[in-house]
Amino acid sequence: MTDERLTSALGWASLGLGVPQLLAPDRFARAVGVRPGARTRVITAVACGARELAAGAGILALERRRPLRTLRARVAGDLLDLALLGAALGTRRADPRRAGAAMAAVAGVAAADVVAARRVSRADANLRARAAVTIRRPRADVYAFWRDFANLPAFMLHLESVKLARNGRSHWKARAPIGTVEWDAEIVDERPGELIAWRSLHGSDVEHEGSVCFREAPGDRGTEVHVELRYAARGGSAGVALSKLTGEEPRQQLNDDLRRFKQVMETGEVARSEGSPEGHSARRQLKQRPAQPVEVGAP
Amino acid sequence: MRATVYSGRNRVQVEQVPDPRIVNPRDAVVRITSTAICGSDLHLYDGYIPTTKRGDVLGHEFMGEVVEKGSEVANLQLGDRVVVPFPIACGNCTPCQRELYSLCENSNPNAAMAEKLWGHAACGIYGYSHLMGGYAGGQAEYARVPFADVGPIKIEDGLADEQVLPLADVFPTGYMGAENCEIEPGDTIAVWGAGPVGQLAVASARLLGAERVIAIDRFGYRLRMALERAGATDVIDYEEQPDVVAALKEMTGGRGPDACIDAAGMEAHHARLPVHAYDRVKQAARLETERPHALREAIMACRNGGIVSVVGVYGGVVDKFPMGSVMNRSLTIKSGQTHVQRYLRPLLERIERGDVDPSFVFTHTMSLDDAPQGYETFKHKRDECMKVVLKP
């Protein structure tokens with residue numbers, strides 16, 4: 001099952017369980033082998049029913065794109081269910097066969113929750129970023145500017161330098177949230193005027209592969225530039241979390257870079273305001289300077 | 001230098017800030033000789049434009065003398081007297097090439113911010129929130145002008161500052177509002193809001209051949225100016241005639257105006273207190289960003305198949321928008337931040353020829369240091385204030 005389908009199946013299962021737990025707690029309790037009573041009713045409706053509905057809402061609506069927190073909460077909820085059923089089993093109020101079957105079912109669901117949560121968090125470490133921009137320049141010009149990798153630091157804010165080596169390899173140096181990162185890359189596919197695809201070599205600080213594709217926009221609208229990056233961020237998911245905090249999440253970074261690329265190609269310069277002196281930058285957008293002139297010599 | 005700085009809702013201060021300097025090769029620095037407070041600055045002043053920060057230098061209507069220029073600015077010389085259009089536009093991207101300058105794709109370094117609110121971004125604007133780029137404004141002694149090879153228009157001697165300063169914004173804005181009405185002989189145009197943009201929309205509608213132009217406002221002195229100076233043929237004081245739609249029907253033989261111009265925007269008033277209070281409360285609670293009374297009325301009043309031209313500023317979302325009226329009656333809504341660069345040359349020629357003298361909108365001249373008083377006077381329409389020009 002794909003990650004999305006497993007996760008949304010868990011979301012729908014939550015809703016399917018939560019509604020009867022909340023509306024008919026006695027019948028639900030009987031079905032899982034526990035004799036109904038005032039306390040059982042409250043526990044079933046609130047601790048189980050309301051919780052399942054919240055989990056369903058979390059997965060299917062509120063956290064839809066990345067329901068990591070809800071899935072982890074579900075694992076905790078599964079453990080609570082097991083504890084409640086276990087406690088009931090120890091008394092004479094329970095039907096041991098039914099309650100045992102219910103515990104087995106909960107354990108199965110817990111396993112599925114753990115798998116789903118791990119998949120979501122791993123998908124996060126293997127980040128993909130895609131972005132596109134249309135530039136009012138002939139395709140050959142846009143391609144040629146990009147293909148000369150030494151031009152890239154002009155619009156890629158984090159890039160310090162790109163040095164060309166022999167046999168299509170290149171050495172890249174970039175500013176990272178802490179210090180700098182370096183990597184060597186090789187071109188794996190190239191069609192002049194159309195496509196450049198590359199990947200980092202083994203042992204790089206930033207393991208990634210990527211491609212940039214140049215297409216004619218319809219009706220004389222210039223050139224479409226489509227970029228795709230696949231990253232294994234340094235430090236796994238912790239590194240990604242850190243990079244998000246500093247506003248350097250790869251997707252935003254790519255979008256910002258493409259905006260500046262368009263500016264350089266169309267206007268010859270990067271647009272800089274007093275609020276955003278570096279030009280487009282997701283990080284700066286969180287922390288704008290006031291819109292008043294920058295002191296000479298200020299960073 | 002001294003500059004007018006936003007320091008929280010209903011507060012501006014004139015403060016000492018660093019002097020601007022050339023940042024990019026296509027920049028120029030202008031020493032400002034005259035700068036105006038715009039009605040849309042009052043939306044900032046009132047705290048309704050999101051992403052306005054304390055410390056921002058305000059002002060997007062200014063003119064002055066070029067005192068510094070970057071290496072790529074060939075069309076201007078040091079000492080040239082220029083009016084600076086409020087939209088910052090590169091001149092190179094597809095919208096600029098199509099003369100849709102306020103849609104410039106390259107001049108807003110905070111485009112991602114605007115995309116969150118509007119789906120796509122618009123151009124950068126001087127002193128008009130960080131959503132519009134975070135550029136320092138022109139109610140100051142000096143201003144940095146990006147893409148100076150595209151925006152500023154050179155003014156020869158012989159015209160007073162007050163005659164040409166309206167080219168920065170209000171005159172082209174009123175003109176575009178009227179142009180969007182696609183005026184034909186015999187047309188009646190109704191204009192909501194008789195502030196400076198409304199006055200110049202009235203004047204432009206007459207220039208473009210409208211038979212009748214009806215100005216709608218609640219201040220007698222503004223309606224008098226519309227009649228006596230701008231060329232309105234009729235006026236409606238909506239505090240005396242709260243049912244504006246009915247009044248317009250009566251004046252137009254039941255048809256309604258052929259086109260309606262909303263020159264009021266997001267902080268409109270309504271004569272009926274409960275209606276006004278409804279949107280006022282929602283706006284204060286940030287449940288909607290606008291009070292769209294003028295827009296709703298303009299839509300309801302417009303004749304079947306007519307045009308509603310919106311030049312008043314809106315920022316976010318409106319409630320109770322009469323879409324059924326737009327759809328069932330085949331109305332066209334036209335709008336936009338003004339593509340000022342497109343109108344500079346033709347409107348300057350009209351001023352030079354004497355077809356129109358937009359300086360009539362200026363009622364108050366103050367020193368830059370009195371900007372806080374200027375904002376208060378303008379906001380509360382004290383002393384019959386129509387528009388304030390500041391002299392640094």
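B:E182 is partly exposed, with a relative accessible area of 46%; partly exposed lies between buried, under 20% relative accessible area, and exposed, over 50% (1.4 Å probe, protein chains only). B:E182 forms a salt bridge with B:K334, with the closest N and O atoms 2.7 Å apart. A salt bridge here is a side-chain nitrogen of Lys or Arg within 4 Å of a carboxyl oxygen of Asp or Glu.

This is a predicted model, in which local features need pLDDT of at least 70 and side-chain atom pairs count only at pLDDT 80 or more, while totals for chains, interfaces and linings use all residues. Residues are numbered from 1 along each chain as its sequence is written, chains are lettered from A and ligands numbered from 1 in the order in which they are written, and side-chain values use heavy atoms, with hydrogens and water left out.

**Salt bridges within the chains**

- The B:E182 and B:K334 pair links distant parts of chain B, 152 residues apart. B:E182 sits in the loop between α5 (170–179) and β10 (188–192), and B:K334 in strand β15 (residues 332–335). Helices (H or I, at least four residues) and strands (E, at least two) are DSSP runs, numbered from the N terminus.
- B:K334 is partly exposed, at 23% relative accessibility.
- Over all chains, the whole structure holds 42 salt bridges.
- A:R51 pairs with A:D81 in a salt bridge, with 3.0 Å between the closest N and O atoms. This pair links distant parts of the chain, 30 residues apart: A:R51 is in helix α3 (residues 38–62) of chain A, and A:D81 is in helix α4 (residues 68–89) of chain A.
- A:R51 is partly exposed at 23% relative accessibility, whereas A:D81 is buried at 11%.
- A:E63 and A:R69 form a salt bridge, the closest N and O atoms being 3.2 Å apart. A:E63 is buried at 15% relative accessibility, but A:R69 is exposed at 66%.

**Interface of chain A and chain B**

- The contact (heavy atoms within 4.5 Å) takes 27 residues from chain A and 40 residues from chain B.
- The two chains bury about 2,800 Å² between them, 47% of it on carbon and sulfur atoms. Buried area is the accessible area (1.4 Å probe) that two parts lose on being put together, summed over both.
- Three salt bridges are counted between chain A and chain B. The side chains of A:K262 and B:E105 meet in a salt bridge, at 2.6 Å from N to O.
- Helix α8 (residues 250–267) of chain A gives the largest share of the side of chain A that touches chain B, five residues.
- That side of chain A has seven nonpolar, ten polar and ten charged residues. Ala, Val, Leu, Ile, Met, Phe, Trp, Tyr, Cys and Pro count as nonpolar, Asp, Glu, Lys and Arg as charged, and the others, Gly among them, as polar.

**Chain A overall**

- Chain A has nine helices and seven strands.
- Its radius of gyration is 27 Å, well over the 19 Å that the globule rule gives for 299 residues, so chain A is more spread out than a compact globule. The radius is taken over C-alpha atoms, and the globule rule is 2.2 Å times the number of residues to the power 0.38.
- The C-alpha trace of chain A spans about 80 × 50 × 45 Å along its principal axes.
- Of the 299 residues of chain A, 44% count as buried.

**Buried sites in chain B**

- B:H130 lies in the loop between β7 (124–125) and β8 (142–145) of chain B. B:H130 is buried, with a relative accessible area of 1%.
- Not counting residues up to four places away in sequence, B:H130 touches residues of both chains, including A:R289, A:P290, B:D56 and B:N110.
- B:R26 lies in the loop between β2 (12–16) and β3 (28–37) of chain B. B:R26 is buried, with a relative accessible area of 7%.
- A polar atom of the B:R26 side chain lies 2.7 Å from the backbone oxygen of B:C90.
- In helix α7 (residues 220–230) of chain B, the buried residues include B:Y221, B:L223 and B:M225. Among the elements covering the buried residues of this helix are α6 (196–207) and β11 (212–217) of chain B.
- B:G231 follows α7(B) and has a positive phi, near 100 degrees.

Note on methods. Polar contact = N/O pair within 3.5 Å; in protein donor to acceptor, adjacent residues only side chain to side chain.
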